[in-house]
Each structure stands twice: as structure tokens, then as C-alpha cells.
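User: I have a model open and would like to talk through how it is packed. Could you take my questions as they come?

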Amino acid sequence: MKIVVLKISLIALLSYLGAIGAPWFFGTTGGFYTLGRPLIASALVGFILGDMKTALEVGILIQAMYIGIITPGAVMPFDVDYIGYLTTALIILSKANPNIAPTLAVPVGLIGVTIWNIIWVINVYFAHRADKYANEGNDKGIIAMNIGAQTVNFAMRFIPAFLILYFGHGFLQNLLNMIPPIITHYLAVVGGILPALGIGLLLNMIIKDKSYFGIFILGFMLVKYLNLPIIAIAVMGVVLSVFWFKFRGGESYNG
């Protein structure tokens, strides 16, 4: 039990370090944009819990699901950091089917967003106090307000994550045992659709000329019907791209 508590504590700590407001791991770049990515979070959870295979299966599903998500002005529709750490850990600790991870990720992400909004509301107090101390030239006051805001951030990220993992995995395990297999099957089917929806939203955002969707259809057919590995198809894509730009004579693309 002590080892499980230690592992859960470590995962909860990582969920704090990967949060958008945590400055300790090279700021936002090393924290939210590295530790907070679902695939990296899943790999770390798999290493801690000793089940890398399941962790990466979950990580790939939820990374594809949220691959197009952006956080303009730190406004998050879903908390991908919480999703990456908590969903993967809950699936492994509950010995659940990884295919239901996308379905489980939705409520976990909403919990994370709710907590994040509460943190922002509380930290308004520290921001205004820090402004006041800045006008007064009070360096110690400014430092204290920064420490106070970060303490709130740590407490609001670490404690809920620990409680969800400590009590949640047993609850999820019992809940899955109570759910009829046919419902679990349909949850897995819905979970499989959500990553495809995430990829579709990303492509719809980055591709201006819809005829280029044919390239992705060709890639899908190469994988599905010719069983070619992704690396081989990526190399073919690079070679074709080089020839494409060479024979177009450097003509610019105008969309």
C-alpha cells in the first residue's frame, strides 16, 4: 500500500509540474508544453506504474484526440495535463480496457478545467496585492505574493489529483465490473471515434486546399491495405515532397 501511495503521489506531483502555471521545469515550455502533453504524461505514468504498453496505448488515443487543442491566453477547453496523467493512471490501476480511455478523458479534462478556473479566481487576490507592493517598492511583498500564488497552484493541482487516483481507481474498477459488457463495448467504440474526430478537426484547421486531403487518404490506404509501417510512408512523403518542390521551380503556394 505504501508503494502505491508513493507512486500516486509522484504522478500527482508530475500533474502539477506539467500544469500551465508551474514554473519549475523550464517554465511553460518544459512544463505545460512538454510534461503536460498526453503522450509524454502517459509514458511517465507507465514508467512509474510498470505498465508501459498500456500507458502508451492510452497515450496515443488521448494524444490523437486532443492533438488540435490550443490554449489561447491560457484558456483551456480541456485540461490535457490532467487527462494525460490521471486517465492513464486510472486505466492502469483499474486494469480497464485502454479503448475506453477517450471516454474517461472527457470528465477528467472537465474536472481539470474547473480546478484551473478556481485557481485563476483565487490568484487574482495575489496579483492585486503584488501590484500594490510593486507600487510601494516592497520587494519582499512581491516575492511573498508569488510564493502564495504558487502554493495555491500546487495545492489545487496535487491534492485533487492524489484523491482522484487514490479513491478513483477502486471506484472505477467496481463501476466497470457492474457495467454490462455490451455497454463497455459501445464506450470503447465511442472512444475510438473521438481520436479520429480530433485528427479531423486538426486537418480541417491546417489544410486550406481540401484536395490535399487526398494525400492523407493515400497514406491511410498504404497503412491499411499494404500494411506499410508509418516510418516507411513518412520517408516516401519526404522524397515526394523534395521532388514536388524541385520540379515546381520554387513556386510559392498561395492556398
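User: Which residues touch the most other members of the largest nonpolar core?

Analyst: This is a predicted model. In it, the largest nonpolar core has 39 residues, and those touching the most other members are Ile 11, Val 45, Leu 49, Tyr 85, Ile 91, Val 108 and Leu 165.

User: And which elements give two or more residues to this core?

Analyst: Those elements are helices H1 (2-17), H2 (27-35), H3 (38-49), H4 (52-65), H5 (80-94), H6 (101-136) and H7 (139-178). The largest share, ten residues, comes from H5.

User: What is Ile 91 in contact with, leaving aside neighbours within four places in sequence?

Analyst: Ile 91 is in contact with Thr 54, Val 58, Ala 96, Asn 97, Pro 98, Ile 100, Ala 101 and Leu 104.

User: Turning to helix pairs, at what angle do H1 and H5 pack?

Analyst: The angle is about 160 degrees, and the axes are 9 Å apart. H1 is therefore roughly antiparallel to H5, as angles over 145 degrees count as such. Their crossing is right-handed.

User: Which residues meet there?

Analyst: From H1, Ile 8, Ile 11, Leu 14 and Ser 15 meet Asp 81, Tyr 82, Tyr 85, Ala 89 and Leu 93 of H5. By type, the residues of this contact are seven nonpolar, one polar and one charged.

User: Then H5 with H6: is the crossing left-handed or right-handed?

Analyst: The crossing of H5 and H6 is right-handed. These two helices pack at about 135 degrees with their axes 9 Å apart, which means that H5 is oblique to H6.

User: Stepping back, how many helices and strands does the chain have?

Analyst: The chain has ten helices and zero strands. Of its 255 residues, 40% are buried.

User: And what share of the contacts join residues at least 24 apart?

Analyst: Among contacts between residues at least 6 apart in sequence, 71% join residues at least 24 apart.

Key. Residues numbered from 1 in each chain as written. Predicted model: local features only at pLDDT ≥ 70, side-chain atom pairs only at ≥ 80, totals over all residues. Heavy atoms only, no water. Core = buried A, V, L, I, M, F, W, Y, C linked by side-chain atoms within 4.5 Å. Buried < 20%, exposed > 50% of the residue type's maximum accessible area, 1.4 Å probe, protein only. Helix = DSSP H or I, 4+ residues; strand = E, 2+ residues; numbered from the N terminus. Contact = heavy atoms within 4.5 Å. Axes fitted to C-alpha atoms, helices over the stretch in contact; angles between N-to-C directions. Parallel < 35°, antiparallel > 145°, perpendicular 65-115°, else oblique. Left-handed = near helix turned anticlockwise from the far one by under 90°. Nonpolar A, V, L, I, M, F, W, Y, C, P; charged D, E, K, R; others polar.
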